[in-house]
Amino acid sequence: MQRVGAVQLDTISVLARSHELVAYARLGAVGRQRVERAYWHPRVATAFEYWAHAACVLPIAEWPYYSFRRRAFRARGKRWHDNHPGFGAEVLARLRSDGPLTATQLGGAKNGGAWWDWSETKIAVEWLLDTGEVICVRRTGWRRVYDLPERVLPAELLGADPTDAECLIHLVGVSARALGVVTKADMSDFHRIANFGTGRNPAGLCADDAALAAGLVPVEIDGGQRSSLRAWADPAVMASLAEAGGRTPRSGRHRVTLLSPFDSLVWDRKRTRRMFDFEHSLEAYVPKEKRVHGYFTMPLLAGGRLLGRVDPAREGRTLVARQLTLDTPRAAEPMARALVEAADWVGCDNVQLSRVIPATVEPRLRAALTAEGA
């Protein structure tokens, strides 16, 4: 979490939930219970949930630097729903008297309609989460457990109150450390910072000024059809390149793995296209007949490049590749390795191919799977 800055949460679970897949992609077949414990430790708060790029789990030390967003919520007075102050007071009183509680324990999360038809209690507790009067540092059965910040945060974090400018400068450093090199658009997108390019935000701070204050290094990167793009680099990345004589070290540094479609490496479509020459989009919310690559398409990362994608599913102890696309025949072997490792991690002992694109590479892929023991 400290290295990637923010891990997006989502309710969709195919092979596993996205926050598990993010850890798996980087660390390998770490036990899933260990991953859960690292995010939501049962005794000592190591992370909290809040709005970064989207709903994310964040290192607990980052709590003070989202105060700019908490202040913005308070100033706006609402997020999606109108708030009833009386329910907020009741929620706080219950948490003070009864300890940490889920929305169900507080009185129920829904009114009985569609998923967005929240109860007044759920609206109230989520608003208190937005404004920082309530915090979530644990989940149980995928339900948020709400608590009071003063019960779980160390005194130095609870008492910290950085200005909006200090928050933005810090978060620009987080995005650069997570991505290595960031354009102005990358900085804005990573934490969804509005009006960051123009400086018309409450801090009156633009992205370039924040990058300079954060100690980032100004660079130029290949802009594709454009000659170059102005960007900012993490000083640690520049030091690594200097040690390698200016060459990008590739060998030995990259796992072969499948990525969650919610992985921060591919959050931004334009950046993914620019960095990897790879078109990526999440189609889970696209009508089935309009999907191009599948419901939960996972890009294949191999040798530091994105070389294909697969839409997986689980049927018993079989991992089914419902649709699989390879951008080059050379991707057959790494795709086979990634499928077999992922299957083993989630408790499957067989890999089944349904549709392979292009069809001409299917024999090579099947041979590679056999070689991997599938």
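**Reading aromatic pairs and a helix contact**

Me: Which residues form one aromatic cluster in this structure?

Reply: In this predicted model, Phe48, Tyr50, Trp63 and Tyr66 form one aromatic cluster. Arg70 lies over the face of one of these residues, Tyr50, at 5.9 Å from the ring centre.

Me: How is a pair of aromatic rings described?

Reply: Two values are used: the distance of the centres and the angle of the planes. A search of the whole structure finds nine aromatic pairs. Among them is Trp40 with Trp142: the centres are 6.3 Å apart and the planes stand at 80°, so this pair is edge-to-face. Trp40 belongs to the loop between α2 and β2, Trp142 to the loop between β4 and β5, and 102 residues separate them.

Me: Is Trp40 buried or exposed, and what lies over the face of Trp142?

Reply: Trp40 counts as buried because its relative accessibility is 8%. Trp142, at 22%, counts as partly exposed. Arg17 lies over the face of Trp142, 4.2 Å from the ring centre.

Me: How are two packed helices described?

Reply: One gives the angle between their axes and the distance between the axes. Here the axes of helix α3 (residues 67–76) and helix α6 (residues 120–131) come within 7 Å and cross at roughly 130°, which means that α3 is oblique to α6.

Me: Which residues make the contact of α3 with α6?

Reply: Arg70, Phe73 and Arg74 contribute from α3, and Trp127, Asp130 and Thr131 from α6. By class, these are two nonpolar, one polar and three charged residues. The rings of Phe73 and Trp127 are edge-to-face, because their planes are at 75°, with centres 6.4 Å apart. Both residues, Phe73 and Trp127, are buried.

Conventions: Residues are numbered from 1 along each chain as its sequence is written. This is a predicted model: local features need pLDDT of at least 70, side-chain atom pairs count only at pLDDT 80 or more; totals for chains, interfaces and linings use all residues. Side-chain values use heavy atoms; hydrogens and water are left out. Axes are lines fitted to C-alpha atoms, for helices over the stretch in contact, and angles run from 0 to 180 degrees between N-to-C directions. Helices (H or I, at least four residues) and strands (E, at least two) are DSSP runs, numbered from the N terminus. Angles under 35 degrees count as roughly parallel, over 145 as roughly antiparallel, 65 to 115 as roughly perpendicular and the rest as oblique. Contact means heavy atoms within 4.5 Å. Ala, Val, Leu, Ile, Met, Phe, Trp, Tyr, Cys and Pro count as nonpolar, Asp, Glu, Lys and Arg as charged, and the others, Gly among them, as polar. Rings of Phe, Tyr and Trp (its six-membered ring) pair if their centres lie within 6.5 Å; planes under 30 degrees apart count as stacked, over 60 as edge-to-face and the rest as tilted. Buried means under 20% relative accessible area, exposed over 50%, partly exposed in between (1.4 Å probe, protein chains only). A charge sits over a ring if NZ of Lys or CZ of Arg is within 6 Å of the ring centre and within 35 degrees of the ring normal.
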